[in-house]
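Biologist: I would like to learn how to read a model of this kind, going feature by feature. Could we look at it together?

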Amino acid sequence: MSKRTDIAIIGGGPAGLSAAINAVARGKSVQLMSSVGNNLEKAENVDNYLGFYKISGTELMNKFEEHARALGVSAMKGRVSNIMPLGDHFLINFGGEITESTTVILAIGVAKARQIPGEADLLGRGVSYCATCDGMLYRGKKVVVWGMAQDAIEETNFLNGIGVDVTLIARGSRSSELKADIPFISGAIGEIIGKDRVTAVTVGQDTIEVQGVFILRSSIAPSSLVPGLETQNGYIKVTNKMETNIPGIFAAGDCTGTPLQISKATGEGLIAAQQAARYIDASQSK
Ligand SMILES: Cc1cc2nc3c(=O)[nH]c(=O)nc-3n(C[C@H](O)[C@H](O)[C@H](O)COP(=O)(O)OP(=O)(O)OC[C@H]3O[C@@H](n4cnc5c(N)ncnc54)[C@H](O)[C@@H]3O)c2cc1C
């Protein structure tokens, strides 16, 4: 396990990068972890971010990243699948590696993915978001991976390697990086079936009997990421100090609600970083 960081920031969009530079300015150690891609990169033209009239989202994002790099922060690329509160610190599962931090800032944007019918009801009873966390439970059993995240192939190969009978389902065609003995189905899961536990999934007209489903999206609903995190209409509930209901976890940007705009995201990133720094200072002086 790595050395404990003061502030772990999840998400490398405008909110996460703003939190990162402001945390560094407060003298705190920072670990920034982010899946590839963010919403701002999709903006063809941004006209309402002060000081940058007529700039593309990609150009603006490059400037944000350049600023953070100049202060020694760049995002470690990968997906956080789980954050475990442990009293005075947190354990973060980052692509199967466990990282420790005193505080966490969630800057994860909005998870737009629609849930699959059956997903929420069977979560923890055959549905999992993390192959490296739960894979061992399925050794010798039949599972599918529904893979939209970058690491889906890696995770599928991992499951195969530990003796899980795994099939990858994904849109598009088979990747050459997928181990040759792993079956591949091009398509999407329509429904997850099961009463007390997962028993099958549907793909188009077919029903496939399985005991587990690993859903690997690049983003995860906040309440699935952190057990006990309070949300409202899908957004993380925060105070005006960007505190969540879990002491030590702060949130910033689109994930806390509307307006879904860059200025709000960077402003909230600043507040979250300052409050996280204050929280650390207060706990150290106790
Ligand atoms: C087409 C388009 C045009 C837009 N135009 C404008 C505009 O003109 N002006 C304006 O103000 N706003 C605009 N926006 C909105 C703006 O892009 C967002 O408000 C802004 O990007 C929010 O920043 P954020 O950091 O909160 O989230 P995001 O930019 O979405 O960043 C979230 C980050 O978290 C990462 N992440 C999520 N889950 C995980 C996880 N489990 N583990 C690791 N990383 C994770 C994501 O990969 C991403 O990098 C536009 C958005 C779109 C889509």
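Biologist: Which helices and strands each supply at least two residues of the shell around the ligand?

Modeller: Before I answer, please keep in mind that this is a predicted model, in which local features need pLDDT of at least 70 and side-chain atom pairs count only at pLDDT 80 or more, while totals for chains, interfaces and linings use all residues. Residues are numbered from 1 along each chain as its sequence is written. Helices (H or I, at least four residues) and strands (E, at least two) are DSSP runs, numbered from the N terminus. Here α1 (14-25), β2 (30-34) and α6 (262-284) each give at least two residues to the shell around the ligand.

Biologist: Which residues come nearest to the ligand, and how many nonpolar, polar and charged residues does the shell have?

Modeller: A residue counts as near a molecule if its C-beta atom, placed from the backbone, lies within 6 Å of it. Of the 35 residues around the ligand, the nearest are Gly11, Gly13, Ala43, Gly109 and Gly253. For the classes, Ala, Val, Leu, Ile, Met, Phe, Trp, Tyr, Cys and Pro count as nonpolar, Asp, Glu, Lys and Arg as charged, and the others, Gly among them, as polar. The shell then divides into 16 nonpolar, 16 polar and 3 charged residues.

Biologist: At what angle do α1 and α2 pack?

Modeller: Two packed helices are described by the angle between their axes and the distance between the axes. Axes are lines fitted to C-alpha atoms, for helices over the stretch in contact, and angles run from 0 to 180 degrees between N-to-C directions. For α1 and α2 (residues 57-70), the angle is about 25 degrees and the axes are 10 Å apart. That makes α1 roughly parallel to α2, a term for angles under 35 degrees, whereas those over 145 count as roughly antiparallel, 65 to 115 as roughly perpendicular and the rest as oblique. The contact (C-beta atoms, placed from the backbone, within 7 Å) is made by Pro14, Leu17, Ala20 and Ile21 of α1 with Phe64, Glu65, His67 and Ala68 of α2. By class, this contact of α1 with α2 has 6 nonpolar, 1 polar and 1 charged residues.

Biologist: How far apart are the axes of α1 and α6?

Modeller: The axes of α1 and α6 are 7 Å apart, and these helices pack at an angle of about 35 degrees. The residues of the contact of α1 with α6 include Pro14, Ala15 and Gly16 of α1 and Ile262 and Ala265 of α6, and they divide into 11 nonpolar, 6 polar and 1 charged.

Biologist: Which strands stand at the edges of the sheet of 3 strands?

Modeller: Strands of a sheet pair through backbone hydrogen bonds, either parallel or antiparallel. Two strands are said to pair if DSSP finds at least two bridges between them. This open sheet has the order β11-β12-β13, with antiparallel pairing. β11 (189-193) and β13 (206-209) stand at the edges with a single partner strand each, so one side of each is left without a neighbour in the sheet. β12 (residues 200-203) is joined to β13 by 4 bridges, and Val201 has Ile208 in β13 as its bridge partner.

Biologist: Where is Pro259 found?

Modeller: Pro259 lies in the loop between β17 (249-251) and α6, and the peptide bond from Thr258 to Pro259 is cis, with omega near -5 degrees.

How values were computed: Contact = placed C-beta atoms within 7 Å.
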